[in-house]
Amino acid sequence: MLINIVFYFSLTSFNFEPNYSFEKQKKMAFELPKLPYEYDALEPHIDARTMEIHHSKHHNGYTTKLNGAIAGTELEGKTIEEILKGATSQSGAVRNNGGGFYNHCLFWEIMSPNGGGNPNGELAALIDESFGSFDAFKDAFSNAAATQFGSGWAWLCYNNGKLEVCGTANQDNPLMDGIGCNGIPILGIDVWEHAYYLNYQNRRPDYINAFFNVINWDKVSENLNNAK
């Protein structure tokens, strides 16, 4: 009995935590971000039900599966950008879910209920320099999104001092090596059907046009500054 009592007080004195490693791993795992607005905040351009399913089901699924794919590997503990850089040589689970996690984190942030209009400042000047005008950029971006075959994304990227538009399949993005779409993404649109089908059905161009009404150009400008 005396031995048991001594052992008990020894454990409590040193604050022994048998679950410490597990708790530490949980804290290091990627987490589904909270949206900076309510699900219905982007209506009528993007409906609340689509936003709820897209965020709580699809993005949550990518987040959970990414954590499962990297658990116990050399990728665990790395940033998402570090993981994506070599994603094309990793398993499909890492590539698809890593891309899905990152892409959606960017997507939510570059939209706002107070969005729309035109950019200004340095971003506007660089768009004019890179594309000739904002309208020319809008046409190029909309075309990349509309003509992306099947599921994928269209991007505005900062690359070597200029802005470029490109498209990627599935959950690929410009941070991945060897996909033919280079630079750091500062704006992206999800053209998977789950992003728009409830409201727009097969009218992808209508969804793309509506997307311009919710773009948070202040956040895109911030992304540009961070990309330099």
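The model is predicted. Asn173 lies in the loop between strands S2 and S3, and S3 is largely enclosed by the rest of the structure. Helix H6 packs its buried residues against S1, S2 and S3, among other elements.

**Asn173**

- The loop that holds Asn173 runs between strand S2 (162-169) and strand S3 (184-190).
- Asn173 has 0% relative accessibility and therefore counts as buried, the cut-off for buried being under 20%.
- The side chain of Asn173 makes a polar contact of 2.9 Å with the side chain of Asn103.
- Beyond its neighbours within four places in sequence, Asn173 is in contact with Asn103, Leu84, Gly99, Tyr102, Trp155, Thr168 and Ile179.

**Strand S3**

- Of the seven residues of S3, six are buried, so the strand is largely enclosed by the rest of the structure.
- S3 and strand S1 (residues 152-159) run antiparallel and are joined by six bridges.
- Leu187 in S3 is the bridge partner of Leu156.

**Helix H6**

- H6 spans residues 121-131, and its buried residues are Leu123, Ala124, Leu126, Ile127 and Ser130.
- Viewed down the helix axis, these buried residues fall within an arc of 165 degrees, so they line one face of H6.
- An α-helix has 3.6 residues a turn, so residues three or four places apart point the same way.
- Gly121 and Glu129 are exposed, on the face of H6 turned away from the buried side.
- The packing partners of the buried residues of H6 are helix H7 (134-146), S1, S2, S3 and helix H10 (217-227).
- Gly132 follows H6 and has a positive phi, near 105 degrees.

Methods
Residues are numbered from 1 along each chain as its sequence is written. This is a predicted model: local features need pLDDT of at least 70, side-chain atom pairs count only at pLDDT 80 or more; totals for chains, interfaces and linings use all residues. Side-chain values use heavy atoms; hydrogens and water are left out. Helices (H or I, at least four residues) and strands (E, at least two) are DSSP runs, numbered from the N terminus. Buried means under 20% relative accessible area, exposed over 50%, partly exposed in between (1.4 Å probe, protein chains only). A polar contact is a pair of N or O atoms within 3.5 Å; within protein, one must be able to donate a hydrogen and the other to accept it, and residues adjacent in sequence count only if both atoms are side-chain atoms. Contact means heavy atoms within 4.5 Å. Two strands pair if DSSP finds at least two bridges between them. The arc is that of the directions from the helix axis to the C-beta atoms.
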